[in-house]
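Open the model in a viewer and keep the selection panel at hand.

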Amino acid sequence: MSVLMEHLSKTYQSPDGEVCAVSDVTLNIQDGEFISIVGPSGCGKSTLLSMVAGLETPSSGAVYIDGEEICGTSTKIGFMPQRDHLFPWRTIWGNVTLGLELRRGKSTEQLNHVSELLSRYGLSGFAQKTPSQLSGGMRQRCALIRTLATDPRILLLDEPFSALDYQTRLSVSDDINTIIRSEGKTALMVTHDISESISMSDKVVVLSERPAVIKAIFDLSEFRGVSPMERRNHDRFKQYFNDIWKELDLGA
Ligand code: ADP
Ligand code: MG
């Protein structure tokens, strides 16, 4: 499924006045494409994602999924937040089927799909454990499987690895990338990690300081089909990193 953000803007009303978080963002994501958004902290990345998720109403502009304007949340969209938000008192199985429970009824077919995802991604032996018995990387995979359980066509990921240490991030981003690619999802990921954006996506969109406007878009199509680990060792990786870094212009 494709996603079109057209002239999206968002201004929050706060007690101290108006905060313009996103200004006139137009971006098209094609079916099966993986796009990363990088930008300075507080620039409006989560706000942008929330509008695509239908959790925030744009002040102006609109979001279209396969040409149809969205209003409110949609079952076509799965949202994976920054922290894994697994419930500690529920088993892994109880956690990954939560989304199905919240939506009317879980069919045998859907439950089988979840079992299959757990075993495909190395977690079937952990179904009856609780989250505290799992490593950070496994918890993150559970969070993704929970998001995939309802079979959304589009995945939105808000800094999905920021709670993980560096080594774990590397292997989890590799895993998650494999999962997203093999399930054929369209994905939009927010991150502040340039290397992560280059290692996973087809395009990197660089946002400005608040209010977020698009400063540049980097096309990484030469890396299509190349795994995150391989990309990190690729000759061109450093060049992309430097170019994106310059564009971000964090003034450091
Ligand atoms: P990022 O995800 O890039 O760090 P956010 O989208 O979370 O940035 O926030 C962008 C700006 O909008 C920040 O200045 C933040 O304080 C402000 N903001 C976010 N949510 C709200 C809200 N609900 N009400 C008022 N201001 C908000
Ligand atoms: Mg954010």
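Which residue has a polar side-chain atom 3.2 Å from an oxygen atom of ligand 1? Select Arg-210: a polar atom of its side chain lies at that distance.

This is a predicted model, in which local features need pLDDT of at least 70, side-chain atom pairs count only at pLDDT 80 or more, and totals for chains, interfaces and linings use all residues. Residues are numbered from 1 along each chain as its sequence is written, chains are lettered from A and ligands numbered from 1 in the order in which they are written, and side-chain values use heavy atoms, with hydrogens and water left out.

**Ligand 1**

Now show the surrounding residues (a heavy atom within 4 Å of the ligand); among them are Tyr-12, Ala-21, Pro-40 and Lys-45.

**Helix H1**

Select residues 45-52, helix H1, which gives the most to the shell around ligand 1, with three residues. Helices here are DSSP runs of H or I, at least four residues long, and strands are runs of E, at least two; both are numbered from the N terminus. Seven of the eight residues in H1 are buried (under 20% relative accessible area; exposed is over 50%, partly exposed in between, with a 1.4 Å probe and protein chains only). Past the helix, click on Gly-54, where phi is positive, near 80°.

**Helix H9**

Go to residues 237-248, the 12 residues of H9. Colour Phe-237, Tyr-240, Ile-244 and Leu-248, its buried residues. Looking down the axis of H9, these fall within an arc of 70°, so they line one face of the helix (the arc is taken over directions from the axis to the C-beta atoms). Turned away from that side are the exposed Lys-238 and Lys-246. The buried residues pack against several elements, including strand E3 (34-38) and helix H7 (194-200). Asp-249 follows H9 and has a positive phi, near 50°.

**Asn-95**

Last, select Asn-95 in helix H2 (residues 92-96). Its relative accessibility is 0%, so Asn-95 counts as buried. Leaving out residues up to four places away in sequence, Asn-95 touches Leu-86, Phe-87, Arg-90, Pro-131 and Arg-146 (heavy atoms within 4.5 Å). Cys-142 is 47 residues from Asn-95 in sequence, with 7.9 Å between their C-alpha atoms.

Conventions:
The expected span of a helix is 1.5 Å times one less than its number of residues. A polar contact is a pair of N or O atoms within 3.5 Å; within protein, one must be able to donate a hydrogen and the other to accept it, and residues adjacent in sequence count only if both atoms are side-chain atoms.
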